[in-house]
Each structure stands twice: as structure tokens, then as C-alpha cells.
Amino acid sequence: MAIVLKSSPLLWTRLAALIFTCVAFSVAVHGGRLYHGTGDFCLFCWTFSFAGTLLVILVELFGLQTKAPVSWKNFPITFACYAALLCLSALIIFPLYFLKGSQGPSEVRDYRIVATVFSFLAAVAYISEVSISKARPGEVAGYMATAPGLLKVCETFVACIIFVFISDPVLYDRHDALKYCMAVYCICFILSAAIILLCIGECTGCLPFPFARFLSSYAMLAVILYLSATIIWPIFNFDPKNGGINQRPYTCANAMGLCVWDKLMAVAVLSGVNFILYLIDLIYSTRLVFISA
């Protein structure tokens with residue numbers, strides 16, 4: 001089996017990401033003393049990114065792109081975008097739980113600082129890979145290499161973060177309106193994830209309707225649903241008339257990580273973020289329909 005080694009900015013960017021993620025999880029495991037589930041999540045972010053990048057490098061090194069069971073026009077950039085978001089989330093969460101107010105030995109703190117720094121470097125490397133790989137104007141590329149495709153990745157990732165905040169503890173069972181918001185997050189996540197899987201598996205041609213029109217119709221639906229959730233969630237969580245609390249409790253100042261009120265606020269902000277992402281997605285998708293027509 002021939003080994004194809006072509007030096008390029010994309011290859012060096014992937015190698016840098018591979019090294020940075022390897023250092024991040026190695027240092028954290030060796031001396032970081034990670035003691036609860038948040039540490040496991042950060043380790044997952046780094047190890048998942050490392051393993052996926054190694055797989056992409058090996059496939060291209062041995063020229064196996066045509067034998068891969070996925071679309072190689074869509075898979076590498078999709079993975080790089082998810083890896084960038086994972087490393088960014090670890091970059092935020094890790095110091096929040098393991099550096100903020102840390103009272104342990106200075107050696108442990110040093111290990112944690114190093115892991116945080118390399119998580120930042122890995123995120124920069126993955127963002128650079130996405131920037132290099134994304135489609136340029138007039139260039140023929142897979143859907144996931146275009147702006148709408150990358151937006152789908154961001155939308156599903158933001159939804160995953162919402163699920164983490166909203167489920168531990170359960171924050172949506174106090175009122176039917178909050179259950180509606182949870183339904184919105186689930187429906188939009190499932191449909192966006194299905195679109196990504198269809199593109200990676202090159203199955204969009206199997207749909208009984210034009211893919212471009214489906215994208216614009218779904219984007220319109222998602223904008224309406226997220227707009228309603230963005231309005232409803234704060235009303236039933238922060239308005240005292242509806243049993244909410246409009247000021248951050250003083251007990252949150254001494255809490256490790258995020259308290260319940262912080263998580264409620266985070267879900268409200270992330271709902272607004274996803275609404276904006278879907279709105280931009282709608283603009284791109286509508287433009288795609290007009291171009292196709």
C-alpha cells in the first residue's frame with residue numbers, strides 16, 4: 001500500500017492539532033487530579049479530537065479516501081469543526097472547575113494550566129483547519145464545507161450544551177412552557193443532525209424532494225421554533241410573576257462551577273445564540289434555493 005505524503009498547510013495544521021490535543025489530555029491525566037465528571041468531559045474532548053485527527057491523517061496518508069464509507073468531501077471538515085468546538089468548550093470549562101479558586105498543590109495547578117494552554121492551541125489549530133478547508137466562492141465542494149454546513153455543526157453543538165445544562169439538574173419540568181422549549185431543542189437538534197449524517201453519507205439524493213428546498217423550509221421552521229423558545233424560556237425562569245428569580249442568588253458566588261441560576265441563564269443565552277445561527281442559516285439556505293432555481 002503506497003504512502004502518500006504531501007506537505008501542505010492543511011497537513012501541518014492537522015499535525016499541530018494532533019500534538020496539542022495529545023499534550024492536553026496527557027498532562028491532565030498525569031498530574032491534573034481530575035476528580036469528577038467535568039474532568040471526564042474535558043478528557044473526552046481532547047481524546048476524541050486526537051483520535052479523529054489521527055484517523056483523518058492516516059486515511060489521507062495511505063490514500064484510502066475512496067474506500068472510506070463516508071464522503072471525504074464532507075467528513076474531515078465536519079470533524080474539524082466539531083473538534084474546534086469541543087476544545088473551545090474544554091478551554092472554558094476546565095479552568096472554571098479546576099483553576100478557579102484552586103487551593104491544591106502548586107504542581108497540580110501548573111499541570112492544569114498547561115492543559116488549558118494546549119487546549120487553546122488545539123482550538124486555534126482546528127479553527128485554522130476549518131478556515132483552510134472551507135469552500136471558497138466559485139469552488140465546487142461538499143455541503144459541509146459551505147457556510148450552511150458549518151452552521152449546522154454549530155447548531156447541533158450548541159444544542160448539546162443546552163442539553164447538558166438543562167438536564168443536570170432537570171430544569172424543564174416545572175412548567176409546560178419549559179417542556180415546550182425542551183421539545184424545540186430536541187426537534188431542531190434531531191433534524192440538523194440528520195442533515196449532517198445525510199451529507200456525510202452522501203444520501204441527500206435519496207430524498208423524495210429537492211434537498212435545497214428542504215433546507216430552506218427546515219431553516220424557516222427552526223427560526224420560528226427557536227424564536228419562541230428564546231422568548232418563553234426567560235419569561236418562565238426569570239419573571240417573578242411566573243415563579244422565576246430575576247437576580248442571581250448570593251449562594252452562587254460560593255458554588256463550584258455553575259449554580260442552577262447560572263445554568264438557567266446559560267440556556268437562555270444559548271437559545272438566543274442558536275436562534276441567530278438558524279436565522280443566518282435561513283438566509284444562506286434561501287439564497288441557495290434561488291441560485292438552484
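Reader: Let's start with helix α3: how many residues has it, and how far does it reach from its first C-alpha to its last?

Author: Helix α3 covers residues 75-98, which makes 24 residues, and reaches 33 Å from its first C-alpha to its last. That is close to the 34 Å expected at 1.5 Å a residue (the expected span is 1.5 Å times one less than the number of residues). Helices (H or I, at least four residues) and strands (E, at least two) are DSSP runs, numbered from the N terminus. A word on the source: this is a predicted model, where local features need pLDDT of at least 70 and side-chain atom pairs count only at pLDDT 80 or more, while totals for chains, interfaces and linings use all residues. Residues are numbered from 1 along each chain as its sequence is written, and side-chain values use heavy atoms, with hydrogens and water left out.

Reader: Is α3 largely enclosed or open, and why?

Author: Buried means under 20% relative accessible area, exposed over 50%, and partly exposed in between (1.4 Å probe, protein chains only). In α3, 18 of the 24 residues are buried, so the helix is largely enclosed by the rest of the structure. P76 is found in this helix, and its relative accessible area of 6% makes P76 buried.

Reader: Which residues is P76 in contact with, leaving aside neighbours within four places in sequence?

Author: Contact means heavy atoms within 4.5 Å. By that rule P76 is in contact with R14, V56, S71 and E129.

Reader: What elements does the whole protein have?

Author: There are eight helices and zero strands. Buried residues make up 44% of the 293 residues. Among contacts with a separation of 6 or more, 79% join residues 24 or more positions apart. The C-alpha atoms fill a box of roughly 60 × 55 × 25 Å along the principal axes.

Reader: How do I read the nonpolar core, and which residues touch the most other members?

Author: In soluble globular proteins, nonpolar side chains tend to be buried together. A nonpolar core here is a set of buried Ala, Val, Leu, Ile, Met, Phe, Trp, Tyr and Cys residues joined through side-chain atoms within 4.5 Å. The largest one has 76 residues, and W46, Y126, Y185, C188, Y226 and W233 touch the most other members. Helix α3 gives the most to this core, with 13 residues. Y126 touches, among others, F79, A80, A83, A84 and C87.

Reader: And how should I read aromatic pairs; how many does the structure hold?

Author: A pair of aromatic rings is described by the distance of the centres and the angle of the planes. Rings of Phe, Tyr and Trp (its six-membered ring) pair if their centres lie within 6.5 Å; planes under 30 degrees apart count as stacked, over 60 as edge-to-face and the rest as tilted. The structure holds 17 such pairs. One of them, Y143 with F211, is edge-to-face, at 5.8 Å centre to centre and 75 degrees between the planes. Y143 lies in the loop between α4 (106-133) and α5 (147-167) and F211 in helix α7 (residues 211-238), so the pair ties together parts that are 68 residues apart in sequence. Both Y143 and F211 are buried.

Reader: Which residues form one aromatic cluster?

Author: Y185, F209, F214, Y218, Y226, W233 and Y278 do.
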